[in-house]
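This briefing concerns the fold shown below. It treats helix packing, the nonpolar cores and the backbone exceptions in turn.

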Amino acid sequence: MTDSIEEIVERMRRNWPDVSADQTREVMSLTRRTRLLQEAAQTALKAFSLTRSEFELLAALRSHDPPHILTPTDLYDAILMSSGGLTKLLKGMEARGLVSRPAGEGDGRSKPIQLTHAGCDLVEKAMPAVQKAEALLLAKR
């Protein structure tokens with residue numbers, strides 16, 4: 001059984017009055033909308049053979065000035081991913097030619113990540129599809 005947010009909030013008011021029902025409503029609404037937006041983006045990205053994480057990484061790189069290079073630390077912060085998760089993601093994306101690791105000082109933790117022409121083309125094609133899917137949900141406010 002899936003209760004509506006209002007049913008949950010009303011039950012909370014009755015059974016747990018010292019908890020802020022208004023705050024709970026807001027958090028639940030944001031959580032559900034976030035999940036719906038993520039699902040819509042993932043559906044749109046299937047046509048481009050991209051996961052949401054791959055798309056977010058490409059978009060983070062694309063949003064910076066050419067030559068679209070970031071350090072791993074900058075990418076961790078931009079896409080909120082662990083270093084281990086980023087390493088795994090980068091290996092697959094580098095194998096697909098979407099990013100490259102230009103020569104840099106230090107080990108893999110500090111070696112810069114650069115968006116390739118193929119990665120730039122792909123994210124520029126995927127972005128309108130993702131934004132269209134998101135816009136449809138946002139219009140239902």
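The buried residues of helix 6 pack against helix 2 (21-45), helix 3 (52-62) and strand 3 (113-115). The model is predicted: local features need pLDDT of at least 70, side-chain atom pairs count only at pLDDT 80 or more, and totals for chains, interfaces and linings use all residues. Residues are numbered from 1 along each chain as its sequence is written, and side-chain values use heavy atoms, with hydrogens and water left out. Helices (H or I, at least four residues) and strands (E, at least two) are DSSP runs, numbered from the N terminus.

**Helix 6**

- Helix 6 covers residues 117-138, and its 22 residues reach 31 Å from the first C-alpha to the last, close to the 32 Å expected at 1.5 Å a residue. The expected span is 1.5 Å times one less than the number of residues.
- Gly119, Cys120, Leu122, Val123, Ala126, Val130, Ala133 and Leu137 are the buried residues of this helix. Buried means under 20% relative accessible area, exposed over 50%, and partly exposed in between (1.4 Å probe, protein chains only).

- In helix 2, Ala21, Thr24, Met28, Ala40, Ala41, Ala44 and Leu45 are buried; their cover includes helix 1 (5-15), helix 3 and helix 6.
- Helix 2 and helix 6 pack at an angle of about 145 degrees, and their axes are 9 Å apart. Axes are lines fitted to C-alpha atoms, for helices over the stretch in contact, and angles run from 0 to 180 degrees between N-to-C directions.
- This crossing of helix 2 and helix 6 is right-handed. A crossing is left-handed if the near helix is turned anticlockwise from the far one by less than a right angle, and right-handed if clockwise.
- Helix 2 contributes Arg33, Leu36, Leu37, Ala40, Ala41, Ala44 and Leu45 to the contact, while helix 6 contributes Ala126, Ala129, Val130, Ala133, Glu134, Leu137 and Leu138. Contact means heavy atoms within 4.5 Å.
- By class, this contact of helix 2 with helix 6 has 12 nonpolar, no polar and two charged residues. Ala, Val, Leu, Ile, Met, Phe, Trp, Tyr, Cys and Pro count as nonpolar, Asp, Glu, Lys and Arg as charged, and the others, Gly among them, as polar.
- Ala44, at 15% relative accessible area, is buried. Leaving aside residues up to four places away in sequence, Ala44 touches Ala129, Val130 and Ala133.

**Helix 3 against helix 4**

- Helix 3 packs against helix 4 (residues 72-79) at an angle of about 115 degrees, with the axes 10 Å apart, and the crossing of helix 3 and helix 4 is right-handed.
- Glu56, Leu57, Ala60 and Leu61 of helix 3 meet Leu75, Ala78 and Ile79 of helix 4. The residues of this contact comprise six nonpolar, no polar and one charged.

**Nonpolar cores**

- The largest nonpolar core has 31 residues, of which Leu57, Leu58, Leu61, Leu75, Leu86 and Val99 touch the most other members. A nonpolar core is a set of buried Ala, Val, Leu, Ile, Met, Phe, Trp, Tyr and Cys residues joined through side-chain atoms within 4.5 Å.
- Helix 2, helix 3, helix 4, helix 5 (83-95), strand 3 and helix 6 each give two or more residues to this core; the largest share, seven residues, comes from helix 6.
- A second, separate core of five residues includes Ile8, Val9, Ala21 and Met28.

**Backbone exceptions**

- Most residues other than glycine have a negative phi, and most peptide bonds are trans.
- The peptide bond from Pro66 to Pro67 is cis, with omega near 15 degrees. Pro67 lies in the loop between helix 3 and strand 1 (69-70).
- Ser49, although not a glycine, has a positive phi of about 55 degrees. Ser49 belongs to the loop between helix 2 and helix 3 and is exposed, with a relative accessible area of 55%.
- Leu80, likewise a residue other than glycine, has a positive phi near 50 degrees. Leu80 sits in the loop between helix 4 and helix 5 and counts as exposed at 76% relative accessibility.
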